[in-house]
Amino acid sequence: MDLGLAGKRALVTGGSGGIGGAIVAALVDEGVSVLVGYHSGFDRAEELVMSTRGRTGTARSVRLDVLDDSSVAEVFA
C-alpha cells in the first residue's frame, strides 16, 4: 500500500513494544526514516531496527522518556 510517505521522517514513541513495532515496520516499508523511541526496551528496539535492514526506509533507535522535557528536547535537537 502506498500512503505517500516515502522520504518523510517519523518518531514512534513506544516503538519497542508490540503495536509500536508494527507501526515502525509499516512506516519503514513505506519508505519512511523512523526513530524508534524506547524507554527501557533497548534490546527489543535494536532487534526491530535490525529486522528492518534492507527495506525501503530506515530505522534507528533512540532512548526517550516522554515525561522528561530534557529527554524530548535532546531527541529533537
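The model described here is predicted; local features require pLDDT of at least 70, side-chain atom pairs count only at pLDDT 80 or more, and totals for chains, interfaces and linings use all residues. Residues are numbered from 1 along each chain as its sequence is written, and side-chain values use heavy atoms, with hydrogens and water left out.

Strands β1 and β2 pair in the parallel sense over four bridges; two strands are said to pair if DSSP finds at least two bridges between them. Helices (H or I, at least four residues) and strands (E, at least two) are DSSP runs, numbered from the N terminus. Between β1 and β2 the chain passes through helix α1, residues 18-29, in a right-handed β-α-β crossover. Right-handed means that, with the strands pointing away from the viewer, the path from the first strand over the helix to the second runs clockwise.

On its way onward, β2 (residues 33-38) is joined by six bridges to β3 (residues 58-63), and these two strands run parallel. One of the pairs links G37 with V62 in β3. Here the chain crosses from β2 through helix α2, residues 42-51, to β3, and this β-α-β crossover is right-handed.

How far is β2 enclosed by the rest of the structure? Five of its six residues are buried, so β2 is largely enclosed. Buried means under 20% relative accessible area, exposed over 50%, and partly exposed in between (1.4 Å probe, protein chains only). V34, in strand β2, is buried with a relative accessible area of 2%. Y38, also found in β2, counts as buried at 11% relative accessibility. The C-alpha atoms of Y38 and T13 are separated by 6.5 Å, although these residues are 25 apart along the chain. V34 and T13, 21 residues apart in sequence, lie 10 Å apart in space, C-alpha to C-alpha.

Helix α2 has two contrasting faces. Its residues A45, L48 and V49 are buried. They cover an arc of only 100° around the axis, which puts them on the same side of α2; the arc is that of the directions from the helix axis to the C-beta atoms. The face turned away from this buried side carries the exposed residues D43 and E47.

Finally, the largest pocket holds about 210 Å³ of space. Its lining includes R9, A10, S33, V34, T58 and F76. The elements giving two or more residues to this lining are β1 (9-12), β2, β3 and α3 (69-76). By class, the lining has seven nonpolar, two polar and two charged residues. A pocket is an open set of points on a 1 Å grid over the protein atoms alone, where a 1.4 Å probe fits, with protein on both sides within 12 Å along at least five of seven lines; lining residues have an atom within 4 Å of a point. Grid points are joined across faces, edges and corners, and a volume is the space filled by probe spheres set on the points. Ala, Val, Leu, Ile, Met, Phe, Trp, Tyr, Cys and Pro count as nonpolar, Asp, Glu, Lys and Arg as charged, and the others, Gly among them, as polar.
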